[in-house]
Amino acid sequence: MISEPSDVPVLVAQSGALQGSHWRLEGETLLIGRGGDCDIVIQDRQISRYHARVRRTPQGFLLEDLGSKNGTHLNGSPVKMPSPLQDGDVIQVAFALELAFVGREATMPLLRDSREGAARLRMDALSHRVWIGEQELEPPLSPPQYRLLEMLCRSGSRVVARSDIVQQVWPDEEGEGVSEQAVDALVRRLRDRLSDLDPDHAYVVTVRGHGFRLDNPVS
């Protein structure tokens with residue numbers, strides 16, 4: 001856990017066996033993969049030997065996928081070419097690990113809105129805390145609820161399919177034994193928790209036949 005803000009950006013693991021670990025981006029490159037000579041070693045069959053790389057440039061840091069089998073995503077979008085990193089970005093390495101790119105501040109939201117103003121619902125990538133406006137959600141969300149909300153935030157206004165939710169929220173199940181009713185129940189519980197602070201707005205929207213998306217208005 002980061003004890004105080006730093007001028008050096010860091011990557012913070014938000015899921016998997018490495019959750020809570022962080023790596024300072026002090027060198028020119030940081031290599032992510034299954035190989036023992038990587039800077040971040042992920043022992044998972046979904047991960048390629050050399051999967052992805054974060055590279056420092058005069059303009060900032062770039063994320064690159066190194067031709068991995070299962071892909072690298074940035075804020076929910078596949079990385080096809082070197083992509084610039086900004087504070088609060090979320091990197092997904094296959095389905096095995098999520099990393100938050102954190103700049104000087106120790107607390108960064110997972111979702112930023114391109115419109116003027118701040119999104120009403122905010123998430124802390126390091127402490128797994130959630131706010132709506134100035135109110136913090138207490139008690140904290142359960143791990144499945146948090147993973148679902150995190151996935152929706154990362155996807156912005158895009159629709160998230162049920163199959164993707166199963167892979168993200170229940171990764172060990174690999175789609176077996178997780179029914180549509182279980183997904184619906186999780187969505188309902190998350191809606192109930194968010195309505196505790198904002199009963200007049202539905203943040204999780206059902207798109208029939210496709211999945212779910214987040215409706216996060218600007219305050």
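Two strands are taken to pair if DSSP finds at least two bridges between them. Strands (E, at least two residues) and helices (H or I, at least four) are DSSP runs, numbered from the N terminus.

## Basis of the description

This is a predicted model, in which local features need pLDDT of at least 70 and side-chain atom pairs count only at pLDDT 80 or more, while totals for chains, interfaces and linings use all residues. Residues are numbered from 1 along each chain as its sequence is written, and side-chain values use heavy atoms, with hydrogens and water left out.

## The chain as a whole

The chain contains 16 strands and 3 helices. Of its 219 residues, 45% count as buried, where buried means under 20% relative accessible area with a 1.4 Å probe and protein chains only. The accessible surface of the chain comes to about 11500 Å², and carbon and sulfur atoms hold 46% of that area; the areas come from the Shrake-Rupley method with a 1.4 Å probe.

Among contacts (heavy atoms within 4.5 Å) with a separation of 6 or more, 44% join residues 24 or more positions apart.

## Strand E11 and its neighbours

Strand E11 (residues 97–102) pairs with strand E1 (residues 10–13) in the antiparallel sense over 4 bridges. In this pairing Val10 stands opposite Val102, and Ala13 has Leu99 as its bridge partner. Strand E10 (residues 90–93) is likewise antiparallel to E11 and joined to it by 4 bridges, with Val93 opposite Leu97. E10 and E11 form a hairpin with 3 residues between them, and Ala94 in the turn has a positive phi of about 50°.

In a regular strand the side chains alternate between the two faces of the sheet. In E11, Leu97, Leu99 and Phe101 point one way, and Glu98, Ala100 and Val102 the other way. E11 is mostly covered, with 6 of its 6 residues buried.

## Packing of helices H2 and H3

Helix H2 (residues 162–169) packs against helix H3 (residues 180–195) at an angle of about 75°, with their axes 11 Å apart. Axes are lines fitted to C-alpha atoms, for helices over the stretch in contact, and angles run from 0 to 180 degrees between N-to-C directions. The two helices are therefore roughly perpendicular to each other, a term that covers 65 to 115 degrees.

Arg162, Ile165, Val166 and Val169 in H2 meet Glu180, Val183, Asp184 and Leu186 in H3. By class, this contact has 5 nonpolar, no polar and 3 charged residues; Ala, Val, Leu, Ile, Met, Phe, Trp, Tyr, Cys and Pro count as nonpolar, Asp, Glu, Lys and Arg as charged, and the others, Gly among them, as polar.

Methods
Parallel < 35°, antiparallel > 145°, perpendicular 65-115°, else oblique. Buried < 20%, exposed > 50% of the residue type's maximum accessible area, 1.4 Å probe, protein only.
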